[in-house]
Amino acid sequence: MELSLDTLDLTVDDTGLARLVINRPDAANALDRQMAADFRTVAIALDSTRAARAVLVTANGPIFCGGGDLRGFAESDDTYSLVSEMTVDFHAAVARLSKLDAPVVAAVAGAAGGAGMSLVAAFDLVVAGESAKFTMGYTKAGLVPDGSSSFFLARCVGYKRALDLALTNRVLSAAEAEEWGLVTRVVPDGDVDAEAEALATKLAAGPTRTFGLTKRLILAGANSALEEAMERESMSIAAATRTADSAEGIDAFLNKRRPDFRGE
């Protein structure tokens, strides 16, 4: 699979590794109307194929994503309609990406602000460079959080810290972001892409369908009653036994060999 859009590029190789590149470097990879639409197109494409077994998100240029394109907001004759259209597409994309069976791994170098930080909070695993910075930035421009940050951010860092980030626009260093739970690991700047690719490649060789079941269990369990969470666990682990990868994994464990998962 290969998609080359105005602001995003997507390729899926034979191993099942999907590479999604944010490609608007001349505008700090800021989210505009076109990028929001492109994110929705990519999310639908990934959701509709079993070829993608892990997704690696990178960015072209020194900034991962600078947030919303405020210059475009200011130049619009109807900012209300523009923002409404953007968020409908962008939110549909984030919803689909968060529910993919394929784990989504982000490689973050430079800065992630606003919508970029919302993506970081929503993605499954995040590898950040030592000099990476993270900030919400919305209220600084008289705006409010979007891109799922009102849902995912507090789940990553906690309620009080989420409010601190949203109200004060505090800038988190990579080390703080790791300590607070926003990013998974921090590596030297020059190693970000390689470390993130190695992680995504390892996941692409895993049991994709059970990864998806696991992601959705943890997401739903974050705010449900104990009995509800365990009922979902019961149904999901039973469903997992129907996958080919489960049979392969059990057999490999019993015979003390490395499993050969096919994502089925």
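Predicted model: local features only at pLDDT ≥ 70, side-chain atom pairs only at ≥ 80, totals over all residues.
Me: In what order do the seven strands of the open sheet stand, and which strands are at the edges?
Reply: The pairing in this open sheet of seven strands is mixed, and the twist from one strand to the next averages 15 degrees. Strand 1 (2-4) and strand 10 (185-187) each have a single partner strand, so one side of each is left without a neighbour in the sheet. The order is therefore 1-2-3-4-5-7-10, with strand 1 and strand 10 at the edges.

Me: Which residue is the bridge partner of valine 127 in strand 10?
Reply: Strand 7 and strand 10 run parallel and are joined by three bridges. Within strand 10, the residue that partners valine 127 is arginine 185.

Me: At about what angle does helix 8 run to strand 5, and at about what angle does helix 1 run to strand 2?
Reply: Helix 1 lies across strand 1, strand 2 (8-12), strand 3 (17-22) and strand 4 (54-59), and its angle to strand 2 is about 10 degrees. Helix 8 (residues 192-204) also packs on the sheet, where it touches strand 3, strand 4, strand 5 (104-108), strand 7 and strand 10. The direction of helix 8 makes an angle with that of strand 5 of about 175 degrees, while for helix 1 and strand 2 the value is about 10 degrees.

Me: Are helix 1 and helix 3 roughly parallel or roughly antiparallel to each other?
Reply: Helix 1 (residues 33-47) packs with helix 3 (residues 79-98) at an angle of about 25 degrees, and their axes are 8 Å apart. Angles under 35 degrees count as roughly parallel. The two helices, helix 1 and helix 3, are therefore roughly parallel.

Me: How many nonpolar, polar and charged residues does the contact of helix 1 with helix 3 have?
Reply: The crossing of these two helices, helix 1 and helix 3, is left-handed. Among the residues that make the contact are Ala36, Phe39 and Arg40 of helix 1, together with Leu82, Glu85 and Phe90 of helix 3. Sorted by class, the contact of helix 1 with helix 3 has 13 nonpolar, no polar and six charged residues.

Me: What word describes the orientation of helix 5 and helix 6 to each other?
Reply: The axes of helix 5 (residues 149-157) and helix 6 (residues 159-168) come within 7 Å and cross at roughly 125 degrees, and the crossing is right-handed. Leu153, Ala154 and Val157 of helix 5 make the contact with Tyr159, Arg161, Ala162 and Leu165 of helix 6, and by class this contact has six nonpolar, no polar and one charged residues. Given that angle, helix 5 and helix 6 are therefore oblique.

Me: How many polar residues does the contact of helix 9 with helix 10 have?
Reply: The axes of helix 9 and helix 10 (residues 226-240) come within 10 Å and cross at roughly 175 degrees, which makes helix 9 roughly antiparallel to helix 10. The residues in contact include Thr210, Leu213 and Gly221 of helix 9, and Arg232, Glu233 and Ser236 of helix 10. By class, the contact of helix 9 with helix 10 has five nonpolar and two charged residues, and the number of polar residues is three.

Me: Which residue stands opposite alanine 112 in strand 8?
Reply: A further open sheet has three strands in the order 6-8-9, with mixed pairing, and its edge strands are strand 6 (111-113) and strand 9 (172-173). Strand 6 pairs with strand 8 (residues 133-135) in the parallel sense over three bridges. Opposite alanine 112 stands phenylalanine 134.

Me: How many residues apart are aspartate 124 and lysine 215, which meet in a salt bridge?
Reply: The structure holds 15 salt bridges, and in one of them the side chains of aspartate 124 and lysine 215 meet at 2.9 Å, N to O. Aspartate 124 is in the loop between helix 4 and strand 7 (125-129), whereas lysine 215 is in helix 9 (residues 208-221). The pair thus links distant parts of the chain, with a separation in residues of 91.

Notes
Residues numbered from 1 in each chain as written. Heavy atoms only, no water. Axes fitted to C-alpha atoms, helices over the stretch in contact; angles between N-to-C directions. Helix = DSSP H or I, 4+ residues; strand = E, 2+ residues; numbered from the N terminus. Parallel < 35°, antiparallel > 145°, perpendicular 65-115°, else oblique. Left-handed = near helix turned anticlockwise from the far one by under 90°. Contact = heavy atoms within 4.5 Å. Nonpolar A, V, L, I, M, F, W, Y, C, P; charged D, E, K, R; others polar. Pairing = 2+ DSSP bridges. Salt bridge = Lys/Arg side-chain N within 4 Å of Asp/Glu carboxyl O.
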